[in-house]
Amino acid sequence: MNFKKMTAVLLAAVMALALCACGTGSKGDSADTGTDAGQTQEKLPDADAKAFGALLDSIDTDYEPGTAGCSLTAAKIAGEMLDWYKTTMPRDDLLSDAAGTWHKAYTGDDEAYKQKMADIFDAAQMLTGDDAKDLLQSAGYEATTMPWIYDDVGGLFTDIYTGMWNTEVPATVVCK
C-alpha cells in the first residue's frame, strides 16, 4: 500500500512539472517585439499591407464629402474594406500596426482624413443592415464576403482608429 501511494505522489509531481514546463516560454507563432539587432517585428504580409494601404489611399483620393454620390462612394469603399478584412482576417495588433505605419507616411490634412474615415465607418455600419446588398448594388460594387455583422465593422475600424490616432471609433448611431 505504501508503494502505491509513493508511486501516485511521484507520478502527480512529474505531471505537475510537465504542465509547468509546457506553460512557460514563448509560442513559436507569437510576435517578436524585440528591437535588438537580429530581431524582427511581425507585420502583415506585404501583399496584404499593400492592398490595405491602397484602400486607405482610396478614402483620401476617391471620397469627397458633400459631393453628389458621396454616400455611394463611401458605401463602395466600406464594402471593399470589409471584403479585404474578411478575406485576410488579420490579427488586431498587425492591422493596428499597418494602419499606424500608413498614417505616419500620410502627408495630407489629417483632420479632413479623420472625418472621411468617420464617414466610411458610418457607411460600413449601414452595410450590416438589411439594405446592404441594394446599397452596394447602387454603388456599383459586388461584395464577395457578405453578409457582414457589426463585429466585422467594429473589429476593422477599432484597429484602424487605434493604429492611426490611438483612439476609439466615433460614437455614432445608425438606423438599421
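Among contacts in this protein between residues at least 6 apart in sequence, 76% join residues at least 24 apart. The model is predicted. The protein has seven helices and zero strands. Of its 176 residues, 34% are buried.

**Overall layout**
- Read from the N terminus on, the elements run α-α-α-α-α-α-α.

**Helices H2 and H5**
- Two packed helices are described by the angle between their axes and the distance between the axes.
- Helix H2 covers residues 46-62, and helix H5 covers residues 110-126.
- Their axes come within 10 Å of each other and cross at roughly 105 degrees.
- Angles of 65 to 115 degrees count as roughly perpendicular, so H2 is roughly perpendicular to H5.
- From H2, the residues in this contact are Leu56, Ile59 and Asp60.
- From H5, they are Tyr113, Lys116, Met117 and Ile120.
- By class, the residues of the contact of H2 with H5 are five nonpolar, no polar and two charged.

**Ala74 in helix H3**
- Ala74 is found in helix H3, which spans residues 70-88.
- Ala74 counts as buried because its relative accessibility is 4%, and buried means under 20%.
- Leaving aside neighbours within four places in sequence, Ala74 is in contact with Tyr63, Asp119, Ile120 and Ala123.
- Ile120 is also one of the H5 residues that meet H2.
- Ile59, on the H2 side of that meeting, is 15 residues from Ala74 along the chain.
- The C-alpha atoms of Ala74 and Ile59 are separated by 8.1 Å.

**Ser96 in helix H4**
- Ser96 lies in helix H4, which runs over residues 92-105.
- Ser96 has 12% relative accessibility, so Ser96 counts as buried.
- Not counting residues up to four places away in sequence, Ser96 touches Asp159, Thr162 and Gly163.

**The largest pocket**
- The largest pocket has a volume of about 240 Å³.
- Its lining is made of 14 residues.
- Those nearest the centre of the pocket are Lys43, Ala49, Asp97, Ala98 and Thr101.
- H2 and H4 are the elements that give two or more residues to the lining.
- By class, the lining has six nonpolar, three polar and five charged residues.

Note on methods: Residues numbered from 1 in each chain as written. Predicted model: local features only at pLDDT ≥ 70, side-chain atom pairs only at ≥ 80, totals over all residues. Heavy atoms only, no water. Axes fitted to C-alpha atoms, helices over the stretch in contact; angles between N-to-C directions. Helix = DSSP H or I, 4+ residues; strand = E, 2+ residues; numbered from the N terminus. Parallel < 35°, antiparallel > 145°, perpendicular 65-115°, else oblique. Contact = heavy atoms within 4.5 Å. Nonpolar A, V, L, I, M, F, W, Y, C, P; charged D, E, K, R; others polar. 1 Å grid on protein atoms, 1.4 Å probe; cavity = no way out; pocket = protein on both sides within 12 Å on 5 of 7 lines; lining within 4 Å. Points joined across faces, edges and corners; volume = space filled by probe spheres on them. Buried < 20%, exposed > 50% of the residue type's maximum accessible area, 1.4 Å probe, protein only.
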